[in-house]
Amino acid sequence: MNPINATAGAGPGSTQVPYAKRWPALFVLLAAWFMNLLDVSIMNVALPSLQAGLQASDSAIQWVLEIYILTYALCLLPFGRLGDIVGRKGMFATGVGVFTAASVLCGAAPSADALIAARGLQGLGAAMMSPQVMAIAQTMFPPKDRARAFPLFGLTAGLAAISGPLASGLLLHANFFDLGWRLIFLVNLPIGLLTIAAALVLVPRSPQHEGLRNDWLGIGLAGAAILCLIFPLVEGRTHGWPLWCFLAMAAFAPLLVAFVAWQRFLARRGGSALLPVYLMSNRDYLIGAGAILVYCAALQGFFVIFAIFLQVGLQFTPLQAGLATAPFPVGVLAATIVSGRIASLKAKILGGALLLVGAFGALPLIVENGGGHVGSQGFAVPLFLGGLGAGMCIASLFQTVMRTVPLKDAGSGSGAVQVIQQVGGALGVALVSAIFFSQVGPRESLGTHVQDAFRRSFNHTSLFFVGAFLVVAASALALKIAGPGAAFMPAPAPQEPRP
């Protein structure tokens, strides 16, 4: 199979020979994309059943979520760059294989500790696979074909997001072979095997860049900074917020400064920096990256506690909870149609953020007025509007931050943005869980008042979501962009957040 012929570092107007089998190969990439996003959306609804099945503590369940995010975030940059160096096809196929094998281990996990370990391996596989998906798609299609190809990422993400909650509820309700929550992981096995087989035949080899190198010191500094921020937020509440938690969080800033200084040093010496240093001086990139971090912190934190709130605070079944959250991904899918009618990226970011503010401000009012008797249809309108706003906002934010990344840095550029997304998600899960469960208190001491405590805690925590999306709206006003602009990379498709 001949490798793709593409001009490294070329912009949208450059000469690029299209790959002959680009459309079948795109559907192979979309299958992996679908599997990853399905695993995201299918898990949220299953959290209470998973916790009951493994008799796991709140802290253990939080680590089931966090270990995936942390592994994924820590490994995205090095594997994104490694794909640029050694070839993206091999890295993609290996990542799909690791992800599929880890999914089987998750489904067979006998304890919470085993599940946490398997989830970490699953995050590793996702980090190997995800940066290659967009980088390969970028190099297969010449600029004139990308307008037809890349909207399929949004469509696939929308279908996965819609399918996930409903599939989770149906699988838990049917309980095939008495497997319960384990089916949500085992469903990845046939998808993964078929994707690997098709990838070996259809996905092309990409150009290698042997002059690039992975920056292992940068990886260590970035990993230490992320761990110092996230680990104490997860464990602090369990241990009563000891001094080491605050010392670890205080170490985050100097480690981040050291990482940036090292990247600049490498750039001056002509070394292969982990993060292209020119991105650190781009105003719109920095503002957009900060907005992505806040957006993901709020949205991913919300879906973790919302699934628990519905099934504990309102006594929904898993199937009812899946139906209740379904309007959100429907709104995300609708956003792919609405966004095409609005030319300005800035207007889409601002409008989407304000829709999210209104939607998440309405949810506690619905809960308060309905008491313990809100049906799944009661959340339909605000969640649909929230999904519409989320789809408009995040796609435009990604396009804003990725518009200046050249093709030769496609893997590391994609990985860098996804790291920001995952760090935001990990931070959001930790912060929102700390706020939510500190309001609830120990379940065993609540007795018959557990439902009231969960409803009250959800309403208080909603203030965090509203405030976060106001910050995103303010960041849109600070951006200099006004028009659609041309992007070297496709904007990652809007998606239901990763727990």
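The exercises below, each with a worked solution, concern a predicted model.

**Exercise 1. Helix pair α3 and α8**

Determine how helix α3 is oriented relative to helix α8, and which residues make the contact.

Solution. 
- Step 1. Take the two elements: α3 covers residues 88-107 and α8 covers residues 188-202.
- Step 2. The angle at which they pack is about 165°, and their axes lie 9 Å apart.
- Step 3. Angles over 145 degrees count as roughly antiparallel, so α3 is roughly antiparallel to α8.
- Step 4. The crossing of α3 and α8 is left-handed.
- Step 5. On the α3 side, the contact involves K89, F92, A93, V96, G97, F99, T100, S103 and V104. On the α8 side, N188, L189, G192, T195, I196, A199 and L200 take part.
- Step 6. Sorted by class, the residues of this contact are nine nonpolar, six polar and one charged.

**Exercise 2. Cysteines**

Solution. 
- Step 1. A disulfide requires a pair of cysteine sulfur atoms within 2.5 Å.
- Step 2. For C296, the nearest cysteine sulfur belongs to C393 and is 9.5 Å away. C296 is therefore in no disulfide, given the limit of 2.5 Å.
- Step 3. Buried means under 20% relative accessible area.

**Exercise 3. The surroundings of G425**

Locate G425 and list its contacts beyond its neighbours within four places in sequence.

Solution. 
- Step 1. G425 belongs to helix α17, which spans residues 410-440.
- Step 2. The relative accessible area of G425 is 0%, so G425 is buried.
- Step 3. With neighbours within four places set aside, G425 is in contact with I69, C296, A297 and Q300.
- Step 4. Y295 is 130 residues from G425 along the chain, yet their C-alpha atoms are separated by 8.5 Å.

**Exercise 4. The surroundings of K348**

State whether K348 is buried or exposed, and which residues it contacts outside its neighbours within four places in sequence.

Solution. 
- Step 1. K348 is part of helix α15, residues 345-370.
- Step 2. Its relative accessible area is 10%, so K348 is buried.
- Step 3. Leaving out neighbours within four places, K348 is in contact with S339, I342, M392, C393 and S396.
- Step 4. Among them is C393, whose sulfur is the nearest cysteine sulfur to that of C296.

Definitions and conventions. Residues are numbered from 1 along each chain as its sequence is written. This is a predicted model: local features need pLDDT of at least 70, side-chain atom pairs count only at pLDDT 80 or more; totals for chains, interfaces and linings use all residues. Side-chain values use heavy atoms; hydrogens and water are left out. Axes are lines fitted to C-alpha atoms, for helices over the stretch in contact, and angles run from 0 to 180 degrees between N-to-C directions. Angles under 35 degrees count as roughly parallel, over 145 as roughly antiparallel, 65 to 115 as roughly perpendicular and the rest as oblique. A crossing is left-handed if the near helix is turned anticlockwise from the far one by less than a right angle, and right-handed if clockwise. Contact means heavy atoms within 4.5 Å. Ala, Val, Leu, Ile, Met, Phe, Trp, Tyr, Cys and Pro count as nonpolar, Asp, Glu, Lys and Arg as charged, and the others, Gly among them, as polar. Buried means under 20% relative accessible area, exposed over 50%, partly exposed in between (1.4 Å probe, protein chains only).
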